[in-house]
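Keep the structure open as you read.

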Amino acid sequence: MCSVMSRVKPVSRALALTLRIGGTAEGWSHSAARSRRSYPGVGSWIEPLTVTGRRYSSRMASSQGLLFRQLFESESSTYTYLLADSETREAVLIDPVLETIDRDLKLIDELGLNLTVAVNTHCHADHITSTGLMKKRLAGLKSAISKFSGASADIHFTEGDKITFGKHYLTVRNTPGHTDGCVTLVSGDQSMAFTGDTLLIRGCGRTDFQQGCPKTLYESVHQKIFTLPDHCLIYPAHDYTGRTVSTVGEERKFNPRLTKSLEEFVKIMDNLNLPKPAKIDISVPANLVCGVHEV
């Protein structure tokens, strides 16, 4: 297993949510981060960014020294998440999209981060991941995905594995149902959960293609996500109505599908009658090879 996957001590709870970045850049050298990039630019420790037309969430988690950015790709309504240790500058990127690779790399460079792992929460059907191309542009970057996904990657993780970046880490929880390889990534202090397509805000991933199974998805949510603390923030891979975040407590109480019985849930999922994702025929083959197929 790669060195980024290791057991580490839990992160202590610290500051409340804030829109300011914790820590400063004084005394920290950007030379290591700059040396591994294929384009020029001096990293800097900057205030949260505002993007024209939509303000992306830059909310801090409740762990001290954690930098967090929520980014959006409009065509597939996909969220990409950037997390980094403010001291070591080691970073992890979750669910990057091919169309926004330049934006993501520019932000990583501007913030002076050392991106070590690019993670996919599952083998996506609605967009092509940028992990394969990003590896060609960032020396030393490793890709990661569930070993049950059937996709190629540098790191294949499973239940209980940890993805570390500095003193922080994400714990892998297997949450199949949308696909066999779906995972939820939970921060060390259980203040944040990145649920991929398993649990959406007031919804969930569909179960009518790839290895979808409504019973499995229902059990994944109730056993692996709804067992987290009520205050744990839910960050999904998609939202189609402009919502950016929920909580475990909210979804347990208000999710119109997952508050039903298992039998009712299965009936709902079996009768959605949704159209096939527009890009499924090109996205799945590409994502099975880390997003580099015919790119």
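Glycine 196 sits opposite proline 236 in S13. This is a predicted model, in which local features need pLDDT of at least 70, side-chain atom pairs count only at pLDDT 80 or more, and totals for chains, interfaces and linings use all residues. Residues are numbered from 1 along each chain as its sequence is written, and side-chain values use heavy atoms, with hydrogens and water left out.

Zooming out, S10 and S13 belong to an open sheet of six strands with mixed pairing, in the order S7-S8-S9-S10-S13-S14. Strands S7 (162-165) and S14 (246-247) are at the edges with a single partner strand each, so one side of each has no neighbour in the sheet.

Next comes helix H4 (residues 214-225), whose 12 residues reach 16 Å from first C-alpha to last, close to the 16 Å expected at 1.5 Å a residue (1.5 Å times one less than the number of residues). Its buried residues (under 20% relative accessible area, 1.4 Å probe, protein chains only) are Pro214, Leu217, Tyr218, Ser220, Val221 and Ile225. Down the axis of H4, these fall within an arc of 160°, so they line one face of the helix; the arc is taken from the directions from the helix axis to the C-beta atoms.

Conventions
Pairing = 2+ DSSP bridges. Helix = DSSP H or I, 4+ residues; strand = E, 2+ residues; numbered from the N terminus. Buried < 20%, exposed > 50% of the residue type's maximum accessible area, 1.4 Å probe, protein only.
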